[in-house]
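Subject: Structure handover

Hello,

Here is the structure I promised to pass on to you. Have a look at it first, and then read my notes below.

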Amino acid sequence: MAVGGSFVFEAIGTRWQIDTAAPLEPEVRAAIAGLIENYDALYSRFRPDSAVAALTAGGGRLELPAHGAALGRLYRRLYRLTDGSMSPLVGSVLEHSGYDAHYSFTPKGPPAPARAWDATLDWEGSVVTAAGPVTLDVGAAGKGQLVDLVGGLLTGAGHTEFLVDASGDMLHSGTTALTVGLEHPYDPTRAIGTVQLHGRALCASASNRRSWGDGLHHVVDARTGTSVSTVVATWVLAADTMTADALATALFLAEPDVLAGEFTFDFVQVFSDGHARFSPTLNGALFTP
Amino acid sequence: MKDLEAGSADTSTRSLTGKRVLHALAAASLLGVAGCAGTAPSPGSEPAGEAASSAPAEAPASSAAPEASAGAEPTEAAPADQTYEDGEFTQVGSYVSPGGTEEIGVSLTLEKDVVTAVTTEPMPSNPTAKLYQERFSGGIQEEIVGKKLDELKVDKVAGSSLTSGGFAEATDLIKSEAKL
């Protein structure tokens, strides 16, 4: 795609860049800004006036727009596939750890598990109901869904060649594939490989959990003698950004083959000891020494 | 006394400004380690590639090339213009990962204001974090390495919005600890 216009802005705490073959019309830019603002006003945990803030305060019934149903279904599937590890109720855990609306970064005590979905929350279609106060957090898939909604708006406005990039969560449309570098988990000046992005979404997630690649920090399982390590970074390619975003997080919490039973995607996982694994159909390359 | 003052001042003003300085240090350290290992720059023998762009006699004022200004002559005591103590420093930073709050230990070796080594340590604190073993049917690459992005032809880069939060926090603490 020959880039005819780039629309760059900050929103929901992230840098956005929308490249299009034809420059974006002012009214399309305004519509994008409005779309993002509405989504933020709905789901932001950091705004006292958001719709989910009302749930946090006292529970109740929240009627979401139509896209809320797809988000709820996706969360429910991943809640099941990760044995409850991935949950929209993670918000209470995050706040407990100090990642709250005031950014206090002061833990409120030892780590506490999130509450069970069924005892706390009913998410049926686009209607969320909670009997008591509940912190709803859609951060693991919401940004991806917002990228999809922006992509839908572009398509609706007649744009067929574009790339929506919300700081690493990206959606591509058009005839020419893009080469995307996979950022080194510990060195933003380097890439560990590249993938081809063509007509679908790519999302990244990273924990920067620990050193890798120096060969000194292997943990060996005494029973099997095999190396055990944790996931430090993931990338997922899928048809839509919401799914890619959610699976990038899910790959920290579940085995890829468990997720592959219900989703179609390609992935890269990088582990703390510096090795990587990837889907057999991945269109890309990881760099070797 | 001096150390205490420096430390407390940094802690009380850990603000946007502090973070920005810290990011500059982190960036310089990574570049320093990657680009300067094994080289001993001396005023008379510049790499050919740089000869056209800079005069050998001038000490660059920007932090982009700290090794050029600091590496001129070895001295016993820290020169008056050295900002940080030489030595190895270790601190712990925390960050929020998709699995919860995690910690990362960072060790920096400082020599004449140049970071000559960086190591990070695992600090598995999250009980829900899963340990993975080798039992997957997909492709496995035993060891992967980073290539400099400016040497690659890519249209875009996909990383993480969480990048280096804990690393940055630990580096911030080291900065205040090592300050002369």
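**The three-stranded sheet**

In chain A, three strands make up an open sheet, ordered S3-S5-S4 and paired in the antiparallel sense. Strand S3 (60-63) and strand S4 (121-124) of chain A each have a single partner strand, so they stand at the edges, and one side of each has no neighbour in the sheet. On average, neighbouring strands here are turned by 15 degrees against each other, direction ignored. Please keep in mind throughout that this is a predicted model.

If you want to follow the pairing by eye, start with S3(A) and strand S5 (residues 127-130) of chain A: they run antiparallel and are joined by four bridges. One pair to look for is Glu63(A), whose bridge partner in S5(A) is Val127(A). In a regular strand, side chains alternate between the two faces of the sheet.

Helix H2 (residues 51-58) of chain A lies across S3 and S5 of chain A, and runs at about 170 degrees to S3(A).

Strand S1 (residues 5-11) and strand S2 (residues 14-20) of chain A are an antiparallel pair with seven bridges. Within this pair, Ser6(A) stands opposite Asp19(A) of S2(A). Which residue takes a positive phi in the hairpin of S1(A) and S2(A)? That is Ile12(A), with a phi near 40 degrees, in a hairpin that has two residues between the strands.

**Two helices side by side**

Two packed helices are described by the angle between their axes and the distance between the axes. For helix H6 (residues 142-156) and helix H7 (residues 241-250) of chain A, the axes come within 7 Å and cross at roughly 165 degrees. An angle over 145 degrees counts as roughly antiparallel, and H6(A) and H7(A) are therefore roughly antiparallel to each other. The crossing of H6(A) past H7(A) is right-handed.

On the H6(A) side, the contact is made by Lys143(A), Gly144(A), Gln145(A), Val147(A) and Asp148(A). H7(A) contributes Thr241(A), Met242(A), Ala244(A), Asp245(A) and Ala246(A). Sorted by class, this contact has four nonpolar, three polar and three charged residues.

**The chain as a whole**

Chain A has eight helices and 16 strands. Its length is 289 residues, and 48% of them count as buried. Among contacts in chain A with a separation of 6 or more, 60% are between residues 24 or more positions apart.

Conventions. Residues are numbered from 1 along each chain as its sequence is written. Chains are lettered from A and ligands numbered from 1 in the order in which they are written. This is a predicted model: local features need pLDDT of at least 70, side-chain atom pairs count only at pLDDT 80 or more; totals for chains, interfaces and linings use all residues. Two strands pair if DSSP finds at least two bridges between them. Axes are lines fitted to C-alpha atoms, for helices over the stretch in contact, and angles run from 0 to 180 degrees between N-to-C directions. Two residues are in contact if their C-beta atoms, placed from the backbone, lie within 7 Å. Angles under 35 degrees count as roughly parallel, over 145 as roughly antiparallel, 65 to 115 as roughly perpendicular and the rest as oblique. A crossing is left-handed if the near helix is turned anticlockwise from the far one by less than a right angle, and right-handed if clockwise. Ala, Val, Leu, Ile, Met, Phe, Trp, Tyr, Cys and Pro count as nonpolar, Asp, Glu, Lys and Arg as charged, and the others, Gly among them, as polar. A residue is buried if 20 or more other C-beta atoms lie within 10 Å of its own, exposed if 12 or fewer, and partly exposed in between; C-beta atoms are placed from the backbone.
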